[in-house]
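Colleague: I would like to learn how to read domains and interfaces in a model. Can we take it one feature at a time?
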Amino acid sequence: MVKKYLQCLIAVIVLLLATQSMAEDSEYAGDKKCRRCHKDAVTDIQTNIHSKASYWDAQARGCESCHGPGKKHTETKLAEDILNPARLDSEQASAQCVSCHDKGTRHWAGSPHDAMDVSCVSCHSVHNNDHDKMLSKSSVDETCFGCHAEQRAFTLKRSSHPLHDMSRADGEGKMSCTDCHNPHGTQAEALISANSVNDKCYECHQEFKAPVLWEHSAVKESCLNCHNPHGSNHEMMLVAKEPRLCQQCHEQGRHQTIAGEENSFFVTNRGCSNCHAQIHGSNHPGGVKLKR
Amino acid sequence: MNKGNLLTLGAVSLCSCALLAAQGLRAEEEMVVTGDVRVAVQNLDVDGDAAGVEKYRDGLDDSAAVEQFDLWGSKDAFYFSLEGRDLGQKDQSLFGEVGKYGQYKLKASWDEVPRNYADGTYAGTLTSGGYWAVPNVVQGILEQNFTPLDQQPSAANQRVLQNFLLTANKINLEQQRETGAIELMFTPVQNMDISAGYARQTKEGMRAFSTGSYRRDKLGAENFGGVGENFRLYGQEVPGLIDNETQTFDLGLDYSRDNWFMDFSYRYVDFANNQGSVTWDNPLLLIGQDNEQGGSPINRLDQAPDYESDTFSFTGGIAGLPLRSRFTATFSRDQITQDDDFLAYTVNPAVLDADGNIAATRPLPASNLDGDVETTFVNLVLNSSPLPRTTVNLRYKSYDYANDSKRIDWDGWVRIAETDWKEADYVNRVPEYEKTTLALDGTYRFGRKVKLKAEISQEEIDRNDHRAADNTEDSYGATIQISAADWALLRFGYRFADRTIDGEYIAEIEQSHGWEETHMFDMAERERQTLDAYVGLDPMDNLSVGFNLTYIEDEYNDKVYGLHDAESLLMGIDLNYWLSDSLQFSAYYSREDRDSTQLNRTKSDNTGNGAFEVPENDWATDLGDTTDALGFALDATLIPDKLTMALSLNYSMGEATFDTRNTDYVAGITTTSATAYPWSDVESEMTEFKAEFDYYWTDQLSTGFRYYYTKFDLDDFAVDNVSTYNGNPVGAQGNASSHFIFMDANHNDYDAHFVALTLAYAFN
């Protein structure tokens, strides 16, 4: 008898445990129920990479990974009974995304965008499969220009990085804003995705990184002393025309101090760089004046 | 066990298994493959600078091109993707990825970027080893018929050179960057990623560089006329070969758990320059000269040296600290080593040192720089929400550039374009600096609509170079953000920064710069004010307008020479309007204004033995830089599901002005080289227009027509005045008896029409 009761007790305990597990799940409705009312949104998610979230996290719950438990919402149909990241404040909205996307957002907290209430949903639309990276706008650059409208003009300047190409259907150039900046937060200033501005420039312009025999010391400190990487009305993305740019620092000789005419060799063509070719520094024993 | 027990056990087991299985069961998926491809037949018609039209692109004139190719497939956890752009052209790219979600991924990519310049003219012919040779007979003719370098060239002699250059080679100046990369990332356990990658980038091609020399009729600064002691310039633009390769190896390990994470990475970079130097003949000189300042018959320039670098980085963070805090730390150390062998003092065998020995074979004081730079980067950030509606961030950042390269005692070198030995004791500078920033910012939210941020920071830069200043910059700022309505966001910010110089520098500047009293603007004492404004309006569901403005004003110490002040205004407005589901309009306007003033003083030719202390030689320049850009785009569905149209226009106009004036001109005292002359404005204008129509025969198949027009005009006296030979324009300031041979490879105006017929197919 005791044995029989014990067996029943074990059976009940096992069933209770199993039922409890199901009871925990009962706060969640499941994607099929979401689909009944939100067919398009569910279809969007199920045809993008978020439908695979469970391969990274077995606890992922489809729609309810971001929107929270939806059982009550399916009963009441009320918006306040479900989370909508688009309607949360920026910190809460971003927290929903960062809970999974923690790897790409190591420096998000306190970053310039976070501080100014620019959240993940300001730029990304998880239900939008029309654009790369689920951006709300057609491209990275268009997303940035939405707030940084003044930067658009730089791409059209006389000298600039190849940021746009209108001959293409998508209008995209060989580079975009995110080749230098990481909008998700970085360890450096101005959201530069490197330890410093120069370290970022050296990723493509490797030839200027090494120490050389005769240094132009302003160069190793910051490329921005002479260049504007967003574009310039002058050649080589210089912030001002030679010789005037050089004369903002150099006064120590005679020809350095010339006022200059248009056809002076100190002004025409490359200005000071007509002779001083190695303006970034030289490793030649004869390169003391950065000419060799 | 009896039958009853078995039944109980069996029932319980079945129920448990069913419950457990119901939670974990996943239906097996079918393989899903989607993709699209677009091919184009293209034609380009250019009037003007074709290289300018294709500055960073290629193949606009190809008869056929694969513009875009995408393929994506997935089955359960397995996936692959492939994307290609402009396949077969010099700006092509290909990206591929395959993997299993949550387990591993393998990425491979190939990317090419062209850089095209206008063709240049050059007198030499490229021979082995990157040596641009001019036949001796040509050098002899030019040396004999062209003017000796210490005399004024006659018009007839100049014509000899000009006629020779008319038949000189046309050099195709272009560069090509190609990058191939592969990366493997796998996840051995949940929350851990291990990655390894390799990339190889090559740059090949040709670029023009300019190098020159000069000659002084008299050495020293006494009793002469004209500028620079008859400072005659002789220069030449030369095509330099580019052939370098960068290899990068990356290793990474990332791990995160609950509230903390650790990321480790290692990067090794190897830069190899296969064209370490460029050597070229001087077309105007055949016979080697010694101590004849003003040119060598043979010249050699050193290109970027090989180097290696190793970078170790660690980033870690922990959240969930008291007061809702989070701490993130980054530590990174990069060691860069460079030990390229020095070239000889000179390639000109005629130059003799002070002892009468051939400088070209004189032993060097060291075989290489033994370059060794170590950069250490530390970034510490503490974020906290100690009180409701309050956020505080404390940041410490340090970037230390430590340079252990050799300081070499030089007792002389070959100068003035390899024609003259300079006997002097000199040590090469080995610059180092450390930049440290400490910043605190706090944000308080007044309800849901108003947010106030205040920030304070101090940045210190310590430099080791005896000519360099140490700086401290204190800055203070505040930003207020107001959600005036659900559809209106306003943000205004102000920051003030005060940069000062350590007292020691002032004493040093008086010693080394006192007689010219100039300052380096990147180190100078400066007050900077910055004003930012942003207005974002979404007054209707289908209308959004954004406006932003940044104003920066810099004031320098105007008691010294150099840059005195600078201000810039950047503003932009962006509008998006969805007239309907099938019609969207967007437009923008932006303006940039940069103005600066600098003061300079020319050294006197006649007064005080070439002294600096002649205030009548002062001149000032106001630099102005303005850019206006505007554009619009219209996207429309003309026939639902069938015909779409996209129109866009960009227009940009840039203008740079140079207003130079003498501040204290006195005839007879103000030297000729200090006399201010007007410079023409530099104006550039860019217009782009695109019209695109796509007709969808089915959901998958479409054909399209694209027309793209681009026009670029540049008026820049600095390049417009350039020809292959610029010789002694009469009366040009500073040009007495001077000559320059240019490649004349400057981008010019163009007017181009591009047409493409496209065929696109999407499959799934």
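Colleague: How far apart do the C-alpha centres of domain 1 of chain A and domain 2 of chain A lie?

Modeller: Keep in mind that this is a predicted model. The two C-alpha centres lie 34 Å apart. Domain 1 of chain A covers 90–148 + 179–190, and domain 2 of chain A covers 195–274. Six residues from domain 1 of chain A and five residues from domain 2 of chain A take part in the contact.

Colleague: What area is buried between domain 1 of chain A and domain 2 of chain A?

Modeller: The general idea comes before the number. Interface size is often given as the accessible area lost when the parts come together. Here, about 360 Å² is buried between domain 1 and domain 2 of chain A. Carbon and sulfur atoms give 46% of that area.

Colleague: Which three residues supply 59% of the area that domain 1 of chain A buries against domain 2 of chain A?

Modeller: They are A:C180, A:Q187 and A:E189. By class, the side of domain 1 of chain A that touches domain 2 has two nonpolar, two polar and two charged residues.

Colleague: How many salt bridges does the rule find across that domain interface?

Modeller: Zero between domain 1 and domain 2 of chain A. The count of residue pairs in polar contact there is two.

Colleague: Now the chains. How many residues does the contact take from chain B and from chain A?

Modeller: Chain B contributes 200 residues to the contact and chain A contributes 121. Between them the chains bury about 13,400 Å², with 52% of it on carbon and sulfur atoms.

Colleague: How many salt bridges are counted between chain B and chain A?

Modeller: The count is 21. One case involves A:D170 and B:R85, whose closest N and O atoms are 3.8 Å apart. With a cut-off of 4 Å, that pair therefore counts as a salt bridge. Polar contacts between chain B and chain A number 80 residue pairs.

Colleague: Which strand of chain B gives the most to the side that touches chain A?

Modeller: Strand β11 (residues 192–215) of chain B, with 10 residues. By class, that side of chain B has 81 nonpolar, 68 polar and 51 charged residues.

Colleague: Last, confidence. Where in chain A is it lowest, and where is it highest?

Modeller: Start from the average. The mean pLDDT of chain A is 86, and 92% of its residues reach 70 or more. Confidence in chain A is lowest in helix α1 (residues 2–25), at a mean of 61. Helix α10 (residues 197–204) of chain A has the highest, at 96.

Technical notes
Residues numbered from 1 in each chain as written. Chains lettered and ligands numbered in written order. Predicted model: local features only at pLDDT ≥ 70, side-chain atom pairs only at ≥ 80, totals over all residues. Heavy atoms only, no water. Domains from an automatic or database assignment. Contact = heavy atoms within 4.5 Å. Buried area = accessible area lost by both parts, 1.4 Å probe. Salt bridge = Lys/Arg side-chain N within 4 Å of Asp/Glu carboxyl O. Polar contact = N/O pair within 3.5 Å; in protein donor to acceptor, adjacent residues only side chain to side chain. Nonpolar A, V, L, I, M, F, W, Y, C, P; charged D, E, K, R; others polar. Helix = DSSP H or I, 4+ residues; strand = E, 2+ residues; numbered from the N terminus. pLDDT = per-residue confidence, 0-100.
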